[in-house]
Amino acid sequence: MASCPPFLLAPQPPPPLVAVRHCRSPFAGRAHPLTSCCAPRLRRRQSCRCSSPSSSSSSSSGPRERSPRPRQQKQRTEQRPGRGSGSAVDPVGFLAKTSVSDRAFAQFLRDRHKAFKDRRWDVCSRFIDLKEGSSGFELMGMHRHRQHRVDFMDWAPGARYCALVGDFNQWSATENCAREGHLGHDDFGYWSVTLEDKLREGQEPDEYFFQEYNYVDDYDKGDKGVDVEDLIRRMNEEYWEPGEIKSRKSQLERVAKLYEEMFGPNSPQTEEELGEIPDAETRYNNWKATQNDGLSSSSPSYDIIDTGQEFDIFNVVTDRASFEKFQTKAPPLAYWIEMRKGRKAWIEKYVPAISHKDNYRVYFNTPDGALERVPAWATYVLPDAEGMQSYAVHWEPPPEEIYKWRYGRPRVKGSLRIYECHVGISGSEQKISSFQEFTSNVLSHIKDAGYNAVQIIGVVEHKDYSSVGYKVTNYFAVSSRFGTPDDFKKLVDEAHGLGLLVLLDIVHSYASAEEMVGLSLFDGSNDCYFHSGKRGHHKYWGTRMFKYDDVDVLHFLLSNLNWWVTEYQIDGFQFHSLSSMLYTHNGFSTFTGAIEEYCNQYVDKDALIYLILANEMLHELHPDIITIAEDATYYPGLCEPTTQGGLGFDYWANLSIPEMWLWHLENVPEREWSMNKIMKVLISSNHNMLSYVENHNQSISGRKSFAEIILNTGMCSSGSVDDDSIFKASSLLKIIKLITFTTSGGAYLNFMGNEFAHPKRVEFPMSSNDYSFQLACRKWELLDKGVHKHVFSFDKDIMSLDENERITKRGSLNVHQCDDTSMVISFTRGPFLFVFNFNPEVSYELHRVGVDEAGEYQLILNTDETKYGGRGELKSSQYMKKTSDKRVDGCRNSLELALSSTSAQVGIQVGPNLKNLGSNNNYCDRPNSPYPPMMGYGYHCQCL
């Protein structure tokens with residue numbers, strides 16, 4: 001027997017917990033610091049965003065004398081499973097459910113919750129609430145303003161000077177720079193640059209500085225020659241009642257008369273001439289007595305009633321009738337919209353300051369000298385001709401080229417069946433495939449294979465293709481090597497049209513160390529987005545580590561998540577490599593599973609707080625979003641609600657399962673496999689667990705794919721399935737797939753090509769292979785050949801079975817038999833019975849397994865079927881079995897089954913328990929048959 005496997009030394013996944021709905025109560029706070037310095041700026045969708053200049057000057061300084069007032073939140077119309085219903089917050093709630101009584105960890109959770117509240121206060125003080133704090137993409141980067149200009153904003157606290165350089169200004173560092181003072185640079189390090197559209201030759205400037213344009217529609221109301229004076233007159237007549245508004249001329253006359261009385265030639269010259277000045281109330285009453293009764297009666301009455309109490313500006317007692325009258329009035333915004341002109345008028349009068357597809361970079365002057373950077377919020381980035389420094393591309397297609405969404409987000413019921421893929425290697429040719437090729441060729445295959453979600457890795461822009469897309473350089477841009485932003489939108493839209501969710505593998509645990517194109521040394525300083533010193537660098541990967549305690553970094557990361565959901569209609573995220581961010585040792589440490597390892601000095605509390613904020617924000621703004629945690633250390637509370645001390649994820653990926661299978665395949669003879677060790681890893685906790693046999697790590701990280709290990713590649717290529725070694729290898733691969741899928745906690749993942757046992761690993765072009773694309777593609781032609789055809793047919797029927805019966809959502813497993821001697825495993829899940837024979841040498845003609853319920857069981861899936869490449873040893877009379885009252889495996893009833901070597905069977909109880917079937921409650925076509933048809937899974941009823 002081989003030595004103890006490393007996956008058994010790793011910490012085990014957290015035990016199943018009772019789920020409570022996620023709840024949050026955002027605070028109202030002060031305005032965003034940026035809005036004070038650029039009040040006329042607009043949101044991305046042409047909505048106004050203004051605030052008082054004074055509101056930002058002390059947003060982050062000064063004592064906290066007033067607690068923030070909670071905002072009114074709309075009640076959710078639909079409850080998400082696993083999220084609580086607004087119960088009181090308990091920072092250690094999930095510990096009580098799991099009977100964990102470690103005092104040190106409980107105190108750590110309480111301290112973390114206090115720090116979380118402080119961090120949330122800081123975010124809400126700057127950005128009002130999490131919604132505003134995650135909507136930075138509406139202001140940051142480059143956006144067209146309605147007043148014939150383009151606004152640019154970026155964060156570079158270490159810079160002294162900021163300008164835009166590009167094709168539009170012949171790369172001049174002085175022509176388009178930030179203005180002096182707070183209009184161009186605020187106290188938080190945000191820079192603002194305005195690019196004014198240029199008047200065409202022979203055109204006159206707009207008469208009004210507030211003239212707006214509609215850049216989408218050719219014509220608007222303002223094109224009809226609206227007279228502003230007439231517009232203001234109509235507005236006053238509709239909004240104000242007679243006498244409520246006085247002309248500016250009369251007001252000036254009153255001020256002039258008062259000035260003349262006080263300082264004119266006939267004004268008092270001495271104190272005696274001035275006389276005694278009456279108190280304010282007497283002067284007010286004297287003034288009111290001189291007013292015209294008819295005029296004053298129609299004017300709003302805002303007389304302050306002195307009750308003798310301390311003055312409170314938030315509780316001013318006024319005339320109720322006048323106040324209610326004012327509240328009922330709607331602002332006359334419709335009249336201002338009448339002034340807006342259309343796109344044709346804009347094109348006729350102006351030349352755009354920056355055109356669609358123009359290249360640009362941001363120029364900074366820093367204490368260490370001048371530098372150019374790709375803007376951090378750039379949405380499309382292309383490499384330079386020399387391949388060194390990239391540049392941003394202004395993406396503003398004309399209305400006729402803007403992508404129009406055709407399909408809404410699909411709603412997936414039951415379990416998640418995720419198809420993980422990489423766009424660049426998705427083609428059969430030895431090249432980088434594109435979004436368009438993926439949309440045309442791969443999406444239909446994913447749907448046909450029975451999956452309901454596609455998870456894409458390597459989509460976010462990265463410079464190093466061999467990094468598989470994990471060394472991200474530009475977080476708001478899709479990778480230009482695959483296509484344009486609209487190409488990716490079409491991919492997502494077509495996937496939605498096929499009923500597929502689209503998940504994104506997001507990398508917020510670290511970033512690329514590239515300086516010219518990435519965020520490293522973005523403003524010349526070493527601590528802009530990342531920690532300085534040793535902590536700012538990953539121990540082994542050479543990447544940079546984010547400062548999760550910085551409000552502006554949180555603003556960037558939270559906005560990035562919201563951007564992908566808002567702009568590209570992404571349905572969820574898998575958070576990549578959480579162990580890299582949760583620990584200062586980046587997860588490269590031996591874990592024993594002791595609880596103190598999750599609360600010692602190596603745990604990054606700020607990273608945990610960021611994950612809580614991210615999940616709260618995503619689930620609040622997008623209730624149907626899906627978040628998956630990829631954490632090799634299985635941090636406690638990954639999928640527990642944030643109100644109970646958890647991190648708020650929907651699923652967690654069990655990384656021990658593929659490691660367990662890999663260890664057995666490479667180190668243990670098949671006859672010596674331990675069934676107990678296998679089941680210990682598979683069902684140690686399947687609460688919200690995402691299971692997979694292998695993902696991209698097993699194929700890409702210098703390893704072989706499981707098919708490459710199990711199958712003899714040379715023999716498989718010939719398509720021969722008669723060879724005994726090929727038969728045994730494919731049989732083993734099928735039962736590994738089946739037991740992993742049926743023990744999952746509601747989610748299963750398959751990497752592209754593994755559904756048909758792709759015989760080759762993935763190896764991206766790099767110097768070690770002379771930049772070859774030979775292994776950076778998929779051999780789709782094998783789908784219809786030999787063993788690959790049979791494995792794909794089996795994988796497809798597994799997905800179809802779950803689609804119809806929702807097996808992985810049938811509750812917890814009930815394991816009846818797990819015998820290392822016979823190498824047989826049997827368990828039930830709802831009405832379904834699963835039996836696995838891992839013995840490669842012994843077939844059992846009559847093997848008895850225990851079942852909970854008495855009755856008849858029908859076989860609905862058999863890995864030894866000839867269409868799956870098996871030998872079809874079971875006879876038709878063996879597809880229906882009736883229980884006996886013989887006690888086996890601690891059960892009152894049992895079944896006798898014929899089990900071929902290295903095979904598995906799935907049965908379902910029929911007859912009296914037909915109500916157990918999920919969606920296939922019809923009868924078969926045989927007259928008077930009590931059994932349900934299995935044709936939905938590719939089977940015909942085998943009635944006796």
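How many bridges join strand β2 to β4? I looked this up in the model, which is a predicted one. I found that seven bridges join β2, residues 149-155, to β4, and that the two strands run antiparallel. Within this pairing I noted Arg149, which stands opposite Glu196 in β4.

I then turned to the sheet as a whole. I recorded an open sheet of three strands in the order β1-β2-β4, with antiparallel pairing. The edges are taken by β1 (141-145) and β4 (190-196); each has a single partner strand, so one side of each is left without a neighbour in the sheet.

Next I examined a helix pair. Helix α4 (residues 103-127) packs with helix α17 (residues 551-568) at an angle of about 80°, and their axes lie 10 Å apart. On the α4 side I listed Arg119, Asp122, Val123, Arg126 and Phe127, which meet Val551, Asp552, Leu554 and His555 in α17. I sorted the residues of this contact into four nonpolar, one polar and four charged.

My last entry concerns His585. Is His585 buried or exposed? I located this residue in the loop between α18 (578-582) and α19 (605-621). His585 has a relative accessibility of 11% and therefore counts as buried, because the limit for that class is under 20%. Leaving aside neighbours within four places in sequence, I found His585 in contact with Lys539, Phe591 and Tyr602.

How values were computed
Residues numbered from 1 in each chain as written. Predicted model: local features only at pLDDT ≥ 70, side-chain atom pairs only at ≥ 80, totals over all residues. Heavy atoms only, no water. Axes fitted to C-alpha atoms, helices over the stretch in contact; angles between N-to-C directions. Helix = DSSP H or I, 4+ residues; strand = E, 2+ residues; numbered from the N terminus. Contact = heavy atoms within 4.5 Å. Nonpolar A, V, L, I, M, F, W, Y, C, P; charged D, E, K, R; others polar. Buried < 20%, exposed > 50% of the residue type's maximum accessible area, 1.4 Å probe, protein only. Pairing = 2+ DSSP bridges.
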